[in-house]
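This report is written for a reader who is meeting the structure for the first time. It takes up a pair of helices and then turns to disulfides.

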Amino acid sequence: MVFFRPVALLALALASSASASFEAIAGYEPLSIVTDHNAIDKDQALIESLLATGTTQSIQQAKDVYEKGAFSKTVATVTVSPSLATAIAKGTKLSGMATNSTMQVDGTVFEAYAANSDTLRFQYEASSNQAQYVNCQVGANPDPNTEGCLVASGTLTVEGSADSIAYNYTVETDNTNERTIQGFSTDAKAKMNDCDNCPYPMYEKFYNYYGEFDYADKWVQAAFALQKADFTNGDADFSLYGEAGQAQAVKKGTAYMNVWMYVLRNLEHALDNCKEGCSTAGCNDGPVHSWDEGVAFYTGSLEGQDGAGSGVMPYALADKRCVNFKTCGDLADALTGTSHVNIEVFRYFKLGVDKLNKGECAAARSDKEEIETLMLIPLVQGTIRYSYIVDTEEDAGESTKAEVATFAAAVLPAVHACSEADAQVIYDNTKVGATATDFKAVKSAFESQYECMKIDGKHVGGLWDYVTGDYYDGAGPGPAGVATTSTLLAIGAAGVAALSMLF
């Protein structure tokens, strides 16, 4: 049997670090093309926008985008006529014409097909230019962009072959998305629990707490349906909410439960596949690409190349919370600028990819662990902040209560792994439908477990009152007794600053 020759799949995304240069992601310089991954934040932004509209139709549209996607990993399913004369392998490069009839559209065969197949799935190739990464954005997008989609009927040219493939399809319905925010959770069992070297440590804590492999999806789906989510721990009865609470539970659940955990999955996957001590050029391209993907999911395209944009992913959350807790800047003591969490996370992102690229796999694990701990901090801050508001403001409404419930849900398993009792205190005071919220009890429960969670209280900071120019009463920073690498570096930087003032 004759096969069309495939290209190596990673060749479309990877290049030698010595010769390639790709657009930065908030200052991080990826060694591979991850523009398509970076665009998943557009799904999140669209979900948030549709929820804010607040109509029955827009809420259903938000759910459709969550489940079906709109902006990432676009694939066209076409009917081949006549059927394929020969088998064609996954990854084979193809090209056709766009709907605007003025440009060529490049892509690859999404999965292998045998001879006589009458369908074929074409995955659009992502450009290294973020602004023009893929110009076909349909899926569940209520305002689809079809300009760069394959024309409705035409021929696909096979690279390296004189043969072509005649096809037809419906542009508006047959362009779908193979990467969705829902999939980050529904694929978790296979990708974080059943895989080699699994379960991954942080994911295992969440599974042990919730008792569900797809706990994040179950949270989001119950919120969309305004029904109860039953878990081993951490039940949430969304039937108590209306649209305001629903919107917060969904949008914070998608970003800080679905996406948050999948960031760590990509870092773990990179470490799993890293070849220790390999000095052959390109031998760790796959792990490097996985690590780059993790950075893209953490940050998103809306932050821009310098991180000064306005995003919707965990990166944006860290910057929002540092303004509330006076933890911005290199020393985690400022009220403006990039969060100390993001400064440190990106330092470890850069250290980690450098090590992977050089085959220093074991050494890179410590960078992943530092990132993992730092990523917990904005979730702790969010829970503390909104528990304070609910406790102290008589008019704290459903939206605020849903925010504290969702922030807590995103971090409770990490607390529970250290202390079931303290996790219960936090849950009882923040859960959906809590009759009362004791801010000081929530804060104390977190602080009791900072050491176990490897969190430095200095990095969490305290809830800042801009009116008085001081911390709110009882809301100051917690214990700063964990000597993480980040802490030591901050101390070192402070020492250098102090010495410089003497000269």
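## Two packed helices

Helices α2 and α3 are roughly antiparallel to each other (a term for angles over 145 degrees), since helix α2 (residues 40–53) packs on helix α3 (residues 56–68) at an angle of about 165 degrees, with the axes 7 Å apart. The contact (heavy atoms within 4.5 Å) includes Leu46, Ile47 and Leu50 of α2, and Ile59, Ala62 and Val65 of α3. Sorted by class, the contact of α2 with α3 has eight nonpolar, three polar and one charged residues.

## Basis of the model

The model is predicted, with local features requiring pLDDT of at least 70 and side-chain atom pairs counting only at pLDDT 80 or more, while totals for chains, interfaces and linings use all residues. Residues are numbered from 1 along each chain as its sequence is written, and side-chain values use heavy atoms, leaving out hydrogens and water.

## Disulfides

The structure holds six disulfides, each a pair of cysteine sulfur atoms within 2.5 Å. Cysteine 136 and cysteine 149 form one of them, with sulfur atoms 2.0 Å apart, and the torsion about their S-S bond is about 90 degrees, so this disulfide is right-handed. Cysteine 136 counts as buried at 0% relative accessibility (buried means under 20% relative accessible area, with a 1.4 Å probe and protein chains only).

Another disulfide joins cysteine 274 and cysteine 361, and its torsion of about -70 degrees makes it left-handed. This pair links distant parts of the chain, 87 residues apart, with cysteine 361 in helix α13 (residues 361–392).

Conventions. Axes are lines fitted to C-alpha atoms, for helices over the stretch in contact, and angles run from 0 to 180 degrees between N-to-C directions. Helices (H or I, at least four residues) and strands (E, at least two) are DSSP runs, numbered from the N terminus. Angles under 35 degrees count as roughly parallel, over 145 as roughly antiparallel, 65 to 115 as roughly perpendicular and the rest as oblique. Ala, Val, Leu, Ile, Met, Phe, Trp, Tyr, Cys and Pro count as nonpolar, Asp, Glu, Lys and Arg as charged, and the others, Gly among them, as polar. Buried means under 20% relative accessible area, exposed over 50%, partly exposed in between (1.4 Å probe, protein chains only).
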